[in-house]
Structures are given as C-alpha cells and as structure tokens.
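Please keep the sequence and the structure at hand while reading.

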Amino acid sequence: MKQSWWHDAVVYQIYPRSFMDSNNDGIGDIPGIISRLDYLKELGVDVLWLSPVFKSPMDDNGYDISDYDDIAPEFGTLADMDRLIEQAGQRGIRILLDLVVNHSSDEHPWFQQARQSKDNPYRDFYIWRQPRADGSPPNQLRAAFAGSAWELDEATGEYYLHLFSKKQPDLNWQNPNVRTEVYAMMNRWLDRGIAGFRMDVIEMLGKVPDQEVIVNGPDLHDILQEMHQQTLAGRDTLTVGETWAATTDIAKLYSNPERKELSMVFGFDHIRLSYHPQAGKWRPKPFDLVELKQVFAHWQTELAGEGWNSLFWNNHDLARSVSIYGDEGEYRLKSAKMLATVIHGMQGTPYIYQGEEIGMTNVRFDHLEDYQDIETRNHYAEKLVEGYNHDELMAAIHTHSRDNARTPMQWDDSEYAGFSQVTPWIKVNPNYRDINVQQDRHRQDSLFRHYQQLIRLRKSHEILVYGSFELLLPEHPTVFAYLRHYQNKTLLVVNSFARETVTVELPATWQNCSCETLITNDVVRTQLPETLQLSPYESFMVILNHQ
C-alpha cells in the first residue's frame, strides 16, 4: 500500500459550540480553540476536525448552513479561521472542516430563491414534488428527526424533500449546477489552507427519492469520483465520509486509492450493537462483546490492502464510550484506557472526540427541557404518541441522546468547568468537579498521558500502522485480544471488558514467551505465563519475542 501522511495520523474532533468560550457568551468559538492549541499539541494529535462553524440559523447546531463561505458570528470571523489554520499549522496540526452538502439551510440564498417560483433558476437546486391527489406528501419517506421527509411549500403548492429537519432542504445532486457550485466552494476552502473534509451523510448524495432510495444510490460513486477530480486531485488531502449504511464491500469502493473517491469512511456497525435491531437507539440494549469483536475483525481483515479504516468510539452524535462499553464508576479511568488501547491498537486512523482523553461520561439531566438536541426532542414527542412512556424514553435519552457528547468540555473544577464564565448554551455535566483536564493532568494514573503514549507509539512503531490483524479468542465473552504482524514482528493486544478478574489461556505458541510491554493500564509484563490472569479492565500491548 502506498503510504500517506494520514496513515499514522491521529485526528481530534472538536464540537466548537462546546469546546472553549473565549468571549463569555456561553458558546464555544474559534478563538477559544486557538487558545487551547498548545494543549492539543501536547496531546500529540495531527489533525483537528471541526464540526460546522459556517453561517447558520442553528436549527441543527450548524448542520444547516446558510452561507458556506462565511463563519457563524457566534463562532468568530473568517479572519479567526485563517488565524486558526495558521497557528495550528505552526504546531504541525492540520484542519479538517465538516462538509455538509446533502442539504443546506432553508435560509440559504439558493433556497430563498428556489421557493420564489417554480421557474426560478434555483428551483432545481432542491428536490420538489407535486402533492398526491388528496394533497398528501408524494410518498412515505421519513425524516431522520421524526415525521415526514416532505414539507409543503404553501407559496408554490409543492413539497420539498428534507431528510433531516424541515429547515434542512435536500440539495439536488442530479443538477450539474449544484455540483459545480459545491466543488467551487470546496476549492476555495482548500486554497485557504485546510487539509480536507469530513463529509456529512455523504452516502445520501445519490438518492432516488421517487423510489425511496436514500443511501447508496446508483450515481453515488460517480458523483464522488467527479468531486475528487474537480477538487481533491493533485492535493494531498484527508477525506472521511459518514456512511451509516456502508458494508465493508461498499467501504472498499469509497476508500480504495485506485478509485479516487475518499481516504476512508466511518463505518458504524460496531456502534449499532447497543441499539435495538428494530427500534434503534431509542430502545438501547447491552452490547455483546463477541459480536463487537466479530465486527471489528471483519472490518480489519476485509479492508486490509484494499482500503483504510477509521477507528473511533465517539463523536458529536454518539454516547460517551466509557458509559456504553466501560465503567463510569470505580473503574472509569482504567476502562477508558482499555477502550483507547482497543482502538489505537488496530489498523486505521484513530479519532479522539473532545473529552474522551479525560474520560468524560454521559450526562443524565432530569428534565427533557435541559436537552437542546432537535433529534432528542422530536423523537421524545413522536415516541410518546407511539406508546413509549416517559421513564422509558428518559432512560433511552440518558443512554443515547446526542447531547451526551455535546455538554461543555470540562477544563477545571471552577464554575461552568472552565468552559465559560457565564451560563453555557447547554448545562455542564454535574460531574465536572471530579472529571476535568486540570485534575486528570495531576493524577498519577492520568488518562491524558495514556492517550499521549498511544499517539507516540503510532509514530514510532510501523506495526501499529501497517501490521496485519489476527483475532484471538473469538468466542471469549469478556476478553478482546488480537495480534498484529509486520516485517517479522508480532504485537499482542489484550483487553478485558470485565469488572472482575478473568483467566484466559493464550495460544500455545505464545505461552511462556518473553515480551516487551509498550503500554499497559496495570502491570508491566516481560513474559507471558501459560495462563493469563487479567485484573478488571486490564489492557496491554506487548511486542512478542519469537521463540
């Protein structure tokens, strides 16, 4: 495989609204990010992915963009963005922007024009359909945030498609003028000095709404190859697509370098294991480690040599990993280190979500009114009508609401966690006095230092970047162990997901083998016994000395 700069890179995702407030209006901003660049440099990350900072009415916290070429005033100015790109670059850190082009805001000038009349030049920038004979929507398509995906525009008497909020009308990617406008915008940002894009719901660009085909439409890959040719070709960029419906075969189409589409995609098969198979995340279930291992192993082996993996537990839409896969209580730090080791030990580009490096947890607000997320509020109302009860819905919200990831970054134990000096746009997690950057940095068992060490290992051990993957103990209910092989070296990674001591027997080949510990959250090992006794949530990486 041809080596690329992002193969050994580590990406840190920032949710700007919740990262650092520099002007005390309760909302995080770009100058706030700049003020924390030295912290991010010390952590060791190579890339910052920013959730959208573009001009927006904020119906969906910036994923509804009204001007792709300007910055939302609450986040700063274009000059602030230029300063961020420059100052991050001085520290060897690149900037990745969120590309949200499946839809725009209904306040974007294109849509404002489109709804003026049926013959407006911008009408075909969006997807319009006549009502059915009885006046109802054209078909049964549902929006991700509840309700019909069609909204009637009273002025022109037609419905427009919105697969998310009704304030997020879908762009018509079948229109070459849309594509031309988007590619020009992407080039303007790339010329400004960013390193690439995280591409929001990119699998929807080829949709065929009349056939109710939303993802993986017939033109999707042609569109992405055209996008690459018009924007990315000749540039050394990183691109990652959000693809909830991607299988490994589809992921190889996206990320095979010969096809010239994207660098990689986010696959979510592992995330869905804590969702109910039919009811989804609003009826959460405990994950099964055997299934989790199978999913990771499948993605590792299927993409090997033919594509590239993105490695993550967390993002701005997901629950905090330690609350789902680890232990929020006595073993919070130890289980968080274990989860970090699982991800950073595999092949792919690891992503760290803000606060993950100090073990931030889910929040459990008592009242629905404390949640700001449009998806959470809409689904609560819809599910009540469907027969769910309040307690059941609040339990699901406590587990999987997107606001779990969006509470302010916990910097210290001062009021509002050092994020701001005024009441933030969303409440701080009440545990901020116990869980914060300042406290973690002073702990002997610091999680931040564990992440630092994992990032350094990726830079100094090619086996972590390019080694092949071999799953061990596939049926073990609580231990996730695997080998990496590269240039006559073998790396063993062992992770216990159990709250109690566990005993496992390694394959005979490695019993009584001497080893070098690269990282551990427990004891340093120089030799592997016949029977391995693992303490609660114990995790380690060792280089094995071949016998």
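## Basis

The model is predicted, with local features needing pLDDT of at least 70 and side-chain atom pairs counting only at pLDDT 80 or more, while totals for chains, interfaces and linings use all residues. Residues are numbered from 1 along each chain as its sequence is written, and side-chain values use heavy atoms, with hydrogens and water left out.

## Cavities

A search of the whole structure finds three cavities of 30 Å³ or more (a cavity being a set of points on a 1 Å grid over the protein atoms alone where a 1.4 Å probe fits but cannot get out, with lining residues having an atom within 4 Å of a point). The largest cavity holds about 140 Å³ of space, the volume being that filled by probe spheres set on the points.

Among the 14 residues that line the largest cavity, Gly267, His270, Trp299, Asn309 and Ser310 lie nearest its centre. Two or more lining residues come from each of helix 8 (289-303) and strand 12 (310-311) (DSSP runs of H or I with at least four residues for helices, and of E with at least two for strands, numbered from the N terminus), and helix 8 gives the most, with four.

The second largest cavity has a volume of about 80 Å³, and its lining includes Lys281, Trp313, Asp317 and His400.

Three strands form an open antiparallel sheet in the order 6-8-7 (strands pair if DSSP finds at least two bridges between them). Strand 6 (128-129) and strand 7 (150-153) are the edge strands, each pairing on one side only. Four bridges join strand 7 to strand 8 (residues 158-161) in the antiparallel sense, and Asp153 has Glu158 of strand 8 as its bridge partner.

Conventions:
1 Å grid on protein atoms, 1.4 Å probe; cavity = no way out; pocket = protein on both sides within 12 Å on 5 of 7 lines; lining within 4 Å.
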